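Please keep the sequence and the structure in view while reading.

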Amino acid sequence: MEVIHKIGRRKTAVARVYVAQGQGNITINKKDIADYFTTATLQYKVNQPIAMTNNDGNFDITVNVYGGGITGQAEAIRLAISRALCELDAENRGILKPEGLLTRDPRMVERKKFGQKKARKKFQFSKR
């Protein structure tokens, strides 16, 4: 099996994932997953597509991720891994699609407008 390369995005985070045969090691920016994502919730998000398709310990995954925060990065990695697993086996699509793991979340931060405090918040109106 050759190495499969997929890209996942979420907010401003971009994740490049390389999937190859192996023992189940996940390396993110040259660090182990436990060192990069310290909370169990973020580790679960990254491992979710692997666990759902029963591929625990079958593939070595190398990830390069940049931009955004840690939650956006974890969700970008999850999308890229899901896409790679669908390319490996077409049956995985039927498992991952109903859970929403193949959908790119398009929500982005709304820009701040001039003459306002924030994107939607206005300056306080005072009648004097």
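Lys11 is placed in the loop between β1 and β2. In this predicted model, the residue has a phi near 50°, a positive value in a residue other than glycine. The hairpin that β1 and β2 form has 2 residues between the strands, and Lys11 with its positive phi belongs to that hairpin. Lys11 counts as partly exposed because its relative accessibility is 43%. A second residue with a positive phi is Lys30, at about 65°, and it is not a glycine either. Lys30 lies in the loop between β3 and β4. With a relative accessible area of 82%, Lys30 is exposed.

Strands of a sheet pair through backbone hydrogen bonds, in either the parallel or the antiparallel sense. Here the sheet is open and has 5 strands, in the order β1-β2-β5-β3-β4, and its pairing is mixed. The edges are formed by β1 (4-10) and β4 (31-32), each of which pairs on one side only.

The pairings can be followed across the sheet. Between β1 and β2 the sense is antiparallel, over 7 bridges, and His5 has Tyr18 in β2 as its bridge partner. The pairing of β2 with β5 is likewise antiparallel, and it comprises 8 bridges. Within that pairing, Val17 stands opposite Val63 in β5. The strands β3 and β5, by contrast, run parallel and are joined by 3 bridges. Ile26 has Ile61 of β5 as its bridge partner.

Helix α3 lies across β1, β2, β3 and β5, and it runs at about 145° to β1.

Leaving aside residues up to four places away in sequence, Ile28 touches Ile33, Tyr36, Phe37, Val63, Val65 and Ile77.

With residues up to four places away in sequence not counted, the contacts of Gln73 are Ala13, Tyr36, Phe37, Val65, Tyr66, Gly67 and Gly68. Tyr36, Phe37 and Val65 are also among the residues that Ile28 touches.

The charged residues complete the picture. Side chains of opposite charge can pair when their charged atoms come close. The structure holds 7 salt bridges. One of them joins the side chains of Asp105 and Arg10, with an N to O distance of 3.3 Å. Since Asp105 lies in the segment after α4 (91-96) and Arg10 in strand β1, this pair ties together parts that are 95 residues apart in sequence. Arg10 is buried, with a relative accessible area of 8%. The pair also belongs to a network of salt bridges that links Arg10, Lys45, Glu75, Asp105 and Arg107.

Other salt bridges involve Glu110. The closest N and O atoms of Glu110 and Lys113 are 2.5 Å apart in their salt bridge. Arg120 forms a salt bridge with Glu110 as well, and there the closest N and O atoms are 3.0 Å apart. Arg120 and Glu110 both lie in the segment after α4, so their pair ties together parts that are 10 residues apart in sequence. As to accessibility, Glu110 is partly exposed, with a relative accessible area of 37%. Lys113 counts as partly exposed at 23% relative accessibility, whereas Arg120 counts as exposed at 65%.

Technical notes:
Residues are numbered from 1 along each chain as its sequence is written. This is a predicted model: local features need pLDDT of at least 70, side-chain atom pairs count only at pLDDT 80 or more; totals for chains, interfaces and linings use all residues. Side-chain values use heavy atoms; hydrogens and water are left out. Contact means heavy atoms within 4.5 Å. Two strands pair if DSSP finds at least two bridges between them. Helices (H or I, at least four residues) and strands (E, at least two) are DSSP runs, numbered from the N terminus. Axes are lines fitted to C-alpha atoms, for helices over the stretch in contact, and angles run from 0 to 180 degrees between N-to-C directions. A salt bridge is a side-chain nitrogen of Lys or Arg within 4 Å of a carboxyl oxygen of Asp or Glu. Buried means under 20% relative accessible area, exposed over 50%, partly exposed in between (1.4 Å probe, protein chains only).
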